[in-house]
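Thank you all for making the time this morning. I would like to walk through one model slowly, so please have the sequence and the picture in view as we go.

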Amino acid sequence: MPLMLADGFEDAFLGVGRRCGQPDLAVYSIQKSVEILVAQGMTEDEAQEYLDFNTIGAWVGELTPMWIDAITLERAVEQAEG
């Protein structure tokens, strides 16, 4: 099955995510996606809101791309505990 790609976010593409028994997914960087939208004239807040509503929050089927928030393991553990 081909990957579903996010138009306009080619520079934020990180690679392919693989899961046992599931189709491969296109994987994108949230931080880089925000940078792309800011370069197009949005503020950081506008860019994050746009991404949250129009991309990250949009389910378009089992091939919906995955959006990665690159954080440290320490921060991830803190978030999970708190």
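This is a predicted model: local features need pLDDT of at least 70, side-chain atom pairs count only at pLDDT 80 or more; totals for chains, interfaces and linings use all residues.

**The sheet and its rings**

Residues are numbered from 1 along each chain as its sequence is written, and side-chain values use heavy atoms, with hydrogens and water left out.

Helices (H or I, at least four residues) and strands (E, at least two) are DSSP runs numbered from the N terminus, and two strands pair if DSSP finds at least two bridges between them. With those terms, we have an open sheet of three strands in the order β1-β2-β3, with mixed pairing. The edge strands, each pairing on one side only, are β1 (13–17) and β3 (66–68), and the twist averages 30° from one strand to the next. Strand β2, residues 25–29, pairs with β3 in the parallel sense over three bridges.

Helix α1, residues 30–39, packs on this sheet and touches β2 and β3, and its direction makes about 65° with that of β2. Contact here means heavy atoms within 4.5 Å, and the axes behind such angles are lines fitted to C-alpha atoms, for helices over the stretch in contact, with angles running from 0 to 180 degrees between N-to-C directions.

Now to the aromatic rings. Rings of Phe, Tyr and Trp (its six-membered ring) pair if their centres lie within 6.5 Å, and planes under 30 degrees apart count as stacked, over 60 as edge-to-face and the rest as tilted. By this rule the count comes to three aromatic pairs.

F13, at 34% relative accessibility, counts as partly exposed, whereas Y28, at 2%, counts as buried.

Y28 also forms a stacked pair with W67, at 4.8 Å centre to centre and with 25° between the planes. That pair links distant parts of the chain, since Y28 is in strand β2 and W67 in strand β3, 39 residues apart. Taken together, ring pairs link F9, F13, Y28 and W67 into a cluster.

Which residues make up the largest nonpolar core? A nonpolar core is a set of buried Ala, Val, Leu, Ile, Met, Phe, Trp, Tyr and Cys residues joined through side-chain atoms within 4.5 Å. The largest one has 12 residues in all: A6, F9, A12, A26, Y28, I30, V34, I36, L37, A47, L51 and W67. At least two residues of this core are supplied by each of β2, α1 and α2 (44–56), and the largest share, four residues, comes from α1.

Finally, please find T55, which lies in helix α2 and is buried, with a relative accessible area of 12%. Not counting residues up to four places away in sequence, T55 touches F9, Y50 and W67.

Key:
Buried means under 20% relative accessible area, exposed over 50%, partly exposed in between (1.4 Å probe, protein chains only).
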